[in-house]
Amino acid sequence: MEMEPGKMNVSKELSPDSASYHCSACHGDETWSYNHPIRGRAKSRSLSASPALGSTKEFRRTRSLHGPCPVTTFGPKACVLQNPQTIMHIQDPASQRLTWNKSPKSVLVIKKIRDASLLQPFKELCIYLMEENNMIVYVEKKVLEDPAIVSDENFGPVKKKFCTFREDYDDISNQIDFIICLGGDGTLLYASSLFQGSVPPVMAFHLGSLGFLTPFNFENFQSQVNQVIEGNAAVILRSRLKVRVVKELRDQKRAIHNGLSENGLDTEGGKQAVQYQVLNEVVIDRGPSSYLSNVDVYLDGHLITTVQGDGVIVSTPTGSTAYAAAAGASMVHPNVPAIMVTPICPHSLSFRPIVVPAGVELKIMLSPEARNTAWVSFDGRKRQEIRHGDSISITTSCYPLPSICVSDPVSDWFESLAQCLHWNVRKKQAHFPEEEEDQDEEDS
């Protein structure tokens, strides 16, 4: 296979003494040069190719339109099995297979809360993992506070073996080898929120209402769990959004001298910043106000439009089948590197949903003319108010969520479209009777 001339020149002229290459999306937004690295992002980024090394000694790398190269290690022990036929390090999504560096020993079980129908499957799964596979099982503390579990004497000995944690208090990101979800799509979104960095592989059982993201049936869970433990499973890497919310510090009493606010958020230059990893979508809406929302949308520093309506949805391909689909967006396969921007009830006849490359950075702020504030939520959680001077920066994260497939990424997705959303369900058109067909042929 022939390489592009520009890429051949780069590989030939770079010497071992040259500065090492770093992806700006994954390594602190560093650019690189022929002689030394240049920290910080250029004030304006060009989407054109960088100048050849022969013409200048110093140049800047442009942001990739394909998004950051995803991290392919998940938790302490899991990774994607590398394909030796990979071309230019871009792996065919259909060939992505789960493999383990070491045998998994710990599993996080996430159960839908306040659902009595899940108690028996939860008990069966935990007993199987502990007694048959000798695994360490982590559960959230409030799961074990369910009255039905507390009052079950037979489950008492098993319950004592659980490792428990509390959301927002205990960090378990380096303790979990893989995750099993029991419930609906919300359990997968919750699993994503627990891991703000690398996410262990997720196996989701359909025990909820919709189940678009939960492909496994629980009837034969033993054999399916064994296949995952043995590393015999396909995975789909569901891209996430890295969202950074920067707010002006309006209550100066909350800021302290070490650069952290009382709730542990970074403070810089009189502003407060917090970051989220989002699997489905970021929703900016008008909240309780009766006025239209009025927000400016920037793409790589350039104002592209002002949204006047109920709000705007910025979603991943995974989220394109959720709220965005209800607002009129196209449904995009999770392997497509893209970000969807979908208006919510725009006061315009020409505002169509758009799809932008995964590598761009979106920034959303209140317009100067806005009559009211806006509200933002992340996968339906952490809802908060956005005021003048605040900003929301969104780009593709380099930490995808590895979701384990029943068959393969393509088959599972179309199966979910058919079973959950009844995509393109229509009564079949009847063909002409044979007599009419013969008559048509004679007439012709």
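1. The second largest pocket in this predicted model has a volume of about 540 Å³. A pocket here is an open set of points, on a 1 Å grid over the protein atoms alone, with protein on both sides within 12 Å along at least five of seven lines; grid points are joined across faces, edges and corners, and a volume is the space filled by probe spheres set on the points. The lining, meaning residues with an atom within 4 Å of a point, comprises 21 residues, and Asp168, Ser193, Leu194, Gln196 and Lys382 lie nearest the centre of the pocket.

2. Helix H5 (185–194), strand S12 (271–278) and strand S20 (381–386) each supply at least two residues of that lining, and S12 gives the most, with five residues. Helices (H or I, at least four residues) and strands (E, at least two) are DSSP runs, numbered from the N terminus. By class, the lining of this pocket has eight nonpolar, five polar and eight charged residues, where Ala, Val, Leu, Ile, Met, Phe, Trp, Tyr, Cys and Pro count as nonpolar, Asp, Glu, Lys and Arg as charged, and the others, Gly among them, as polar.

3. As to how these values should be read, residues are numbered from 1 along each chain as its sequence is written, and side-chain values use heavy atoms, with hydrogens and water left out. In this predicted model, local features need pLDDT of at least 70 and side-chain atom pairs count only at pLDDT 80 or more, while totals for chains, interfaces and linings use all residues.

4. The whole structure also holds two cavities of 30 Å³ or more, a cavity being a set of points where a 1.4 Å probe fits but cannot get out. The largest cavity has a volume of about 100 Å³ and is lined by 13 residues, among them Phe212, Arg238 and Trp413. Strand S9 (235–238), strand S22 (401–404) and helix H8 (409–420) each give two or more residues to this lining, with H8 giving the most, four residues. The lining of the largest cavity divides into eight nonpolar, three polar and two charged residues.

5. The protein chain as a whole has nine helices and 22 strands, and 45% of its 444 residues are buried, that is, under 20% relative accessible area with a 1.4 Å probe, protein chains only. Among contacts (heavy atoms within 4.5 Å) between residues at least 6 apart in sequence, 68% join residues at least 24 apart.

6. Leucine 118, in the loop between strand S4 (106–111) and helix H2 (119–132), counts as buried because its relative accessibility is 1%. Leaving aside neighbours within four places in sequence, leucine 118 is in contact with Lys111, Lys112, Leu182, Gly183 and Leu207; leucine 207 is 89 residues away along the chain, yet the two C-alpha atoms are separated by 7.4 Å.

7. Alanine 329 lies in the loop between helix H7 (323–326) and strand S16 (338–346), and at 12% relative accessibility alanine 329 counts as buried. Beyond neighbours within four places in sequence, its contacts are Ala324, Thr342 and Pro353.

8. Three strands form an open antiparallel sheet in the order S1-S2-S3, and strands pair if DSSP finds at least two bridges between them. Strand S1 (73–74) and strand S3 (97–100) stand at the edges with a single partner strand each, so one side of each is left without a neighbour in the sheet. S1 pairs with strand S2 (residues 78–81) over two bridges, and phenylalanine 74 has alanine 78 as its bridge partner in S2.

Note on methods. Buried means under 20% relative accessible area, exposed over 50%, partly exposed in between (1.4 Å probe, protein chains only).
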